[in-house]
Amino acid sequence: MQPGSDPRVAELKFRDPERARRLTAALRHAVEGIGRPASVMHVCGSHEQAIARFGLRAAFPRDLNVIMGPGCPVCITDVPEVDEGVALALQGVRIATYGDMLRVPGTVKSLANAQAEGARIDVVYSIAQAVELARSVSEEVCFFATGFETTAVATAAEILAGPPENFSILSAHKYIPPVMEIVAEMPENKVEGFLAAGHAASITGWGVFEAFAARHQLPVVVAGFEPLDILAALVKLVELIRDKSPEVVNMFPRCVTKEGNIPAQEVLWKVFRPLGGRWRGIAHVPNGNLRLRDEFAHVDARRRFKIDLARFWDYAPAGLAQQCICGDIMAGVNSPTGCALYGKQCTPENPVGACMVSTEGTCRIWHQYGGVPDLREVNA
Amino acid sequence: MCLGVPGKVLSVEGLTATVDFFGVRRQVRLDIVDVPVAPGDYVLNHVGFAIHRIPEDEIGETLALFDTILREAEPQDLMAADVRNEIEATDAARK
């Protein structure tokens, strides 16, 4: 168990224990076939939740390292993006955003800090609720929009539906495929294959990964979220690594097609364009940010308001934040247990880094469920 | 948040559907669903929008996962919290 974490040990409970046994045996066999330790990466908070919650790491062979990459949209929202939200809030614009964003640290302040100073911040579960809020008041309401393409399509649809004039968007939306390129090129993490998130791929389609797999000679397997789905996808991924077959395989056909959700893609790209930008702690990601196209300048908070970031320039980040290794964790070169703050100065109650704030952050998930449960005997 | 939540379509009015989520009735938007839906269909939803019609033969498997997540959840469970947030996100559907 991790220090400071909930003293429950994750339980292995499969709906079909016999199939689980066969899959873990096949996974062990495939890893042995490689003949050396191997690392694979997934890019989805829900995958990490499922792996941790169902204690799956206990069933993984010791030589297989399954890493969570930059799959938490709140965590990779960059410090200056949070600063923009905080600055707007302090300038008197009412901010609506997802609850996880409140405590994500900016350079010196979080939205929660701004709220404590009197700024008006409303937590919403959806952009539609933010639009409802704007319709019910006369003041300016800005939706601080975070999330990957799956969430950005909802933002795009709402913009096309015609929000009221006092409504604007501060887009911190991110696009996953480009960051996979960046992580794949990092020499330190030795990632040899990717699990792609099933529900996100239901929007983009699995075909979006083909060029990536060919370019980097890395296999990609689309995986569902049921523990057995994840195990089956890992077996396929390790087999592809063993056989040196950099293919894209869809192991979640009940949700994902090659083309994906075409109406949603049309809506997404009609409203957004990809633009390079930093992902917190990771790198500048070419085409990794989704920004509003010029046709939608009228709802773009960055163009409607003069956002005063100068007020943050005189401050250095707080001392503890400088020790945060969130970026290394999301790049797959370290894990929460490698962080001196994890579970000590940095807890869900008092998070130092974004990865401990969000329910999709690696640190928060490990803190909740225990990262690597000591259940090795189930392999026997 | 990338998990979404499945529900059963009860009725469709234009770009809005009334959907049953594990006994809770809510409205979701149909602006970006992949194929047209009708009452009786199951859809996967994210932040208040249906994004995917679940094929008939996959409904049982999909519901079983979410049933497991919600039924066996401890109060602090992160996956269950994310699923409940997804249901909350449908609350303010309009039109």
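1. Axes are lines fitted to C-alpha atoms, for helices over the stretch in contact, with angles from 0 to 180 degrees between N-to-C directions. Helices (H or I, at least four residues) and strands (E, at least two) are DSSP runs, numbered from the N terminus.

2. On provenance: this is a predicted model, where local features need pLDDT of at least 70 and side-chain atom pairs count only at pLDDT 80 or more, while totals for chains, interfaces and linings use all residues. Residues are numbered from 1 along each chain as its sequence is written, and chains are lettered from A and ligands numbered from 1 in the order in which they are written.

3. Pairing takes at least two DSSP bridges between two strands.

4. A:Ala96 has A:Phe143 in β5(A) as its bridge partner.

5. Another open sheet has 5 strands in the order β2-β1-β7-β8-β9 (chain A), again with parallel pairing. Its edge strands, β2 (64-68) and β9 (248-250) of chain A, each have a single partner strand, so one side of each is left without a neighbour in the sheet. The twist averages 25° from one strand to the next.

6. In this sheet, 3 bridges link β8 (residues 220-223) of chain A to β9(A), in parallel. A:Val220 is partnered by A:Val248 of β9(A).

7. Back to α6(A): its axis comes within 9 Å of that of α7(A), crossing at roughly 35°. A:Ile127, A:Ala128 and A:Val131 in α6(A) meet A:Ala154, A:Thr155 and A:Glu158 in α7(A). The classes are 4 nonpolar, 1 polar and 1 charged. Ala, Val, Leu, Ile, Met, Phe, Trp, Tyr, Cys and Pro count as nonpolar; Asp, Glu, Lys and Arg as charged; the others, Gly among them, as polar.

8. The contact between chains takes 38 residues from chain A and 32 residues from chain B. Elements giving two or more residues to chain A's side include α6 and α7 (149-160) of chain A. That side divides into 19 nonpolar, 13 polar and 6 charged residues.

Definitions and conventions: Contact = placed C-beta atoms within 7 Å.
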